[in-house]
Amino acid sequence: MRVAHGFADLARLESAIAAAGAGAELASITQPKGFDGIQRTWDVTLPDANAAERLATELRSVQGVSAAEIRRA
């Protein structure tokens, strides 16, 4: 997901991720070229597609999150 510089609600993101899945681990933090913010990537184990949809909706509702994408591995 992409968040603005100075994003202060990291605990809410981590709480939403933990609530949606059986396990979550922060995989990377980068600053993509051409984007004035930070990209954080988590590896998350989700029980089903419905959980993925709910998580994406929850993450996108957090102020300061500019994008949230869930990929299936």
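Predicted model: local features only at pLDDT ≥ 70, side-chain atom pairs only at ≥ 80, totals over all residues.

Student: How many bridges join strand 1 to strand 4?

Tutor: There are 2. Strand 1 covers residues 2-4, and the two strands run antiparallel.

Student: And the sheet overall, what's the strand order?

Tutor: The order is 2-3-1-4. The sheet is open, has 4 strands, and its pairing is antiparallel.

Student: Which strands stand at the edges?

Tutor: Strand 2 (23-30) and strand 4 (65-67). Each has a single partner strand, so one side of each is left without a neighbour in the sheet.

Student: By how much are neighbouring strands turned against each other?

Tutor: By 35° on average, with direction ignored.

Student: Switching to helices. Where does helix 1 lie?

Tutor: Helix 1, residues 10-20, lies across strand 1, strand 2, strand 3 (37-45) and strand 4. Its angle to strand 3 is about 25°.

Student: Which residues of helix 1 are buried?

Tutor: L13, A16, I17 and A20. They cover an arc of only 95° around the axis, which puts them on the same side of helix 1.

Student: What about the other side, buried or exposed?

Tutor: A11 and A19 are exposed there.

Student: So what covers the buried residues of helix 1?

Tutor: The cover includes strand 1, strand 2, strand 3 and strand 4, along with helix 2.

Student: Let's take helix 2 then. At what angle do the two helices pack?

Tutor: Helix 2 spans residues 49-60, and it packs against helix 1 at an angle of about 170°. The axes are 10 Å apart. Angles over 145 degrees count as roughly antiparallel, and helix 1 and helix 2 are therefore roughly antiparallel to each other.

Student: Which residues meet there?

Tutor: From helix 1, R12, L13, A16, I17 and A20. From helix 2, A51, L55, E58 and L59.

Student: Last topic, E69. Where is E69 found?

Tutor: In the segment after strand 4.

Student: Is E69 buried or exposed?

Tutor: E69 is exposed, because its relative accessible area is 56% and the cut-off for exposed is over 50%.

Student: And what separates the C-alpha atoms of E69 and T41?

Tutor: A distance of 9.5 Å, with the two residues 28 residues apart along the chain.

Note on methods
Residues numbered from 1 in each chain as written. Heavy atoms only, no water. Pairing = 2+ DSSP bridges. Axes fitted to C-alpha atoms, helices over the stretch in contact; angles between N-to-C directions. Contact = heavy atoms within 4.5 Å. Parallel < 35°, antiparallel > 145°, perpendicular 65-115°, else oblique. Buried < 20%, exposed > 50% of the residue type's maximum accessible area, 1.4 Å probe, protein only. Arc of directions from axis to C-beta.
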